[in-house]
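Take a look at the model below.

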Amino acid sequence: MQPYRQSGVALVIVMWLVAALSLLASGLVATTRADVRGTQVLKQFAMHAALGDAAIRLAASQLKLEPLVDHPVVFRFTLEGYGIEVQVLPASAFINLNGASLELLRDALQFGADLPEAQAQLLAERIVDWRDPDDAALPNGAERAAYEAAQSPFRPRNGPFESVDDLIQVIGMNLDLHDRIRGLFTTQGGAQGVDPRFAPPAVLRILAAGNAGQVERIMSARQAQDPLFDMTGLTQQHLAQTASGPYRFMATYRAEQVELARARWIDFSAPRPELPWAELAAEPVESVEIAPEGGRGL
């Protein structure tokens with residue numbers, strides 16, 4: 001009987017080895033597929049960065065000859081078989097993190113992120129304390145001592161925000177809130193207010209103190225390219241008188257049911273030897289939703 005027992009044990013060992021190898025093979029196949037998908041995504045994003053940059057430079061060439069007047073514009077191009085739209089907005093269409101008043105920052109947090117007024121006021125004061133040059137905290141603000149007490153890895157810069165992503169360093173700010181509001185702000189240019197002729201809907205909602213009807217009326221007037229729309233329902237102290245700052249060019253196109261976006265900031269007032277403008281910053285390719293408002297085609 002002993003040889004039969006040994007044969008049975010050997011068979012069980014072989015079966016276990018086969019099962020283990022099968023699991024290993026399945027894991028390798030799954031990993032390979034994931035790697036392939038990851039590589040395809042990276043390739044897609046890299047390709048869009050290149051296509052987006054090309055479309056942005058074509059749009060910049062046209063805008064150089066025919067500047068924005070009183071409403072946003074969308075250029076349309078076809079490159080490598082893809083239909084690409086490039087929306088152009090001045091920096092004053094957004095809320096400037098370094099130039100905005102405490103009241104505008106508070107309203108941005110209250111109506112742009114739907115925070116309670118008290119929490120919006122608190123965070124707005126902390127944003128001001130982070131950027132202002134002194135060490136005296138506002139009533140609800142926070143200077144260095146508060147960051148140390150909270151064991152935060154960050155400290156107030158007491159200087160301007162260099163990037164909107166610096167907001168995450170402000171005590172009380174979290175990733176979810178940061179992601180919800182980052183599209184409202186810019187650090188480009190130096191506008192203290194917002195130009196409502198160009199502001200995107202989310203920023204208009206802040207200027208309108210959350211009045212969706214007012215935002216809808218302004219957007220309808222833009223669609224009709226009516227420059228004389230009623231702005232009396234907006235918070236007047238938050239408004240800029242003229243468009244200013246560099247321009248944000250955002251190129252979008254749909255690829256495999258995903259809409260990708262690539263943005264660059266361009267300053268026409270500072271030409272370079274190689275280009276008739278200065279390219280200030282490029283934003284990473286992202287998947288977004290955008291509703292263009294009329295445009296120019298090529």
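**Loops and a helix in a predicted model**

Ala 209 sits in the loop between α6 (201–207) and α7 (212–223). Helices are DSSP runs of H or I with at least four residues, strands are runs of E with at least two, and both are numbered from the N terminus. This is a predicted model, where local features need pLDDT of at least 70, side-chain atom pairs count only at pLDDT 80 or more, and totals for chains, interfaces and linings use all residues. Residues are numbered from 1 along each chain as its sequence is written, and side-chain values use heavy atoms, with hydrogens and water left out.

**Two positive phi angles**

- Ala 209 has a phi near 55°, a positive value in a residue other than glycine.
- Ala 209 is partly exposed, at 38% relative accessibility. Buried means under 20% relative accessible area, exposed means over 50%, and partly exposed lies in between (1.4 Å probe, protein chains only).
- Glu 80 also has a phi near 55°, and Glu 80 is not glycine either.
- Glu 80 lies in the loop between β1 (73–79) and β2 (82–90).
- Glu 80 is exposed, because its relative accessible area is 72%.

**The loop between α4 and α5**

- Asp 165 belongs to the loop between α4 (144–149) and α5 (175–181).
- Asp 165 has a relative accessible area of 36%, so it is partly exposed.
- Which residues does Asp 165 contact, leaving aside its neighbours within four places in sequence? They are His 178 and Arg 182. Contact means heavy atoms within 4.5 Å.
- Asp 165 and Leu 175 are 10 residues apart along the chain, and their C-alpha atoms are separated by 10.0 Å.
- Asn 174 is placed in the loop between α4 and α5.
- Asn 174 counts as partly exposed, because its relative accessibility is 40%.
- A polar atom of the Asn 174 side chain lies 3.2 Å from the backbone nitrogen of Asp 176.

**Helix α3**

- Helix α3 (residues 117–131) has 15 residues, which should span 21 Å at 1.5 Å a residue. The expected span is 1.5 Å times one less than the number of residues.
- The end C-alpha atoms of α3 are 21 Å apart, so the span agrees.
- Which residues of α3 are buried? Among them are Ala 120, Leu 123, Ile 127, Val 128 and Trp 130. The buried residues also include Glu 125, Arg 126, Asp 129 and Arg 131.
- The cover over the buried residues of α3 includes α2 (102–112), α4 and α5.

Conventions
Polar contact = N/O pair within 3.5 Å; in protein donor to acceptor, adjacent residues only side chain to side chain.
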